[in-house]
Amino acid sequence: MRSSRPLVHEEVWIVALDVHDRARGARMISRGGLLSASVRPADVLRAALELGAVTFVMAHNHPGGDPAPSADDVLLTQEIEHAAHLIDVPLRDHVIVTPAGRFSSVFRAGSPR
């Protein structure tokens with residue numbers, strides 16, 4: 001999500017973090033349509049490992065402007081969090097951003113941890 005123009009489609013990114021929580025790198029995982037982007041947990045974890053992540057943050061945008069996580073966002077986060085725990089590269093957070101700069105955390109919005 002590096003453009004200064006508002007996106008009209010969803011993009012899913014990860015930021016790989018090192019042991020000091022500094023960014024090691026970022027990668028787009030998926031580009032979708034206005035309402036969703038298809039994401040497989042395996043693709044997220046593969047990218048995290050390729051970037052040498054000790055931990056990572058996932059982020060995606062909601063072009064419609066509502067930063068609240070959908071039920072699908074929460075489910076995907078839970079699936080990725082579980083799989084990431086199994087390979088000992090924990091998911092730190094999943095952030096949703098909007099064109100107006102509003103954001104929310106799936107973890108803080110009630111996703112069980």
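Let me start with the pocket: α2 gives the largest share of the lining of the largest pocket, five residues. This is a predicted model, so please keep that in mind throughout. Both β3 and α2 supply at least two residues each to that lining. The volume of the largest pocket comes out at about 410 Å³. There are 22 lining residues, and the closest to the pocket centre are Glu-10, Ser-36, Ser-70, Asp-72 and Asp-73. Sorted by class, the lining has nine nonpolar, eight polar and five charged residues.

Next, the core. The largest nonpolar core holds 21 residues. Those with the most contacts inside it are Ile-14, Ile-29, Val-44, Phe-56, Met-58 and Ile-80. As general background, nonpolar side chains in soluble globular proteins tend to be buried together.

Take Ile-14 as an example. What does Ile-14 touch, leaving out residues up to four places away in sequence? The list is Gly-25, Ala-26, Arg-27, Ile-29, Val-44, Ala-47, Ala-48, Leu-51, Phe-56, Val-57 and Met-58.

Last, the strands. β3 and β4 pair in the parallel sense, over six bridges. Is β4, residues 91–97, mostly covered or mostly open? Mostly covered: five of the seven residues in β4 are buried.

Terms used. Residues numbered from 1 in each chain as written. Predicted model: local features only at pLDDT ≥ 70, side-chain atom pairs only at ≥ 80, totals over all residues. Heavy atoms only, no water. Core = buried A, V, L, I, M, F, W, Y, C linked by side-chain atoms within 4.5 Å. Buried < 20%, exposed > 50% of the residue type's maximum accessible area, 1.4 Å probe, protein only. Contact = heavy atoms within 4.5 Å. 1 Å grid on protein atoms, 1.4 Å probe; cavity = no way out; pocket = protein on both sides within 12 Å on 5 of 7 lines; lining within 4 Å. Points joined across faces, edges and corners; volume = space filled by probe spheres on them. Helix = DSSP H or I, 4+ residues; strand = E, 2+ residues; numbered from the N terminus. Nonpolar A, V, L, I, M, F, W, Y, C, P; charged D, E, K, R; others polar. Pairing = 2+ DSSP bridges.
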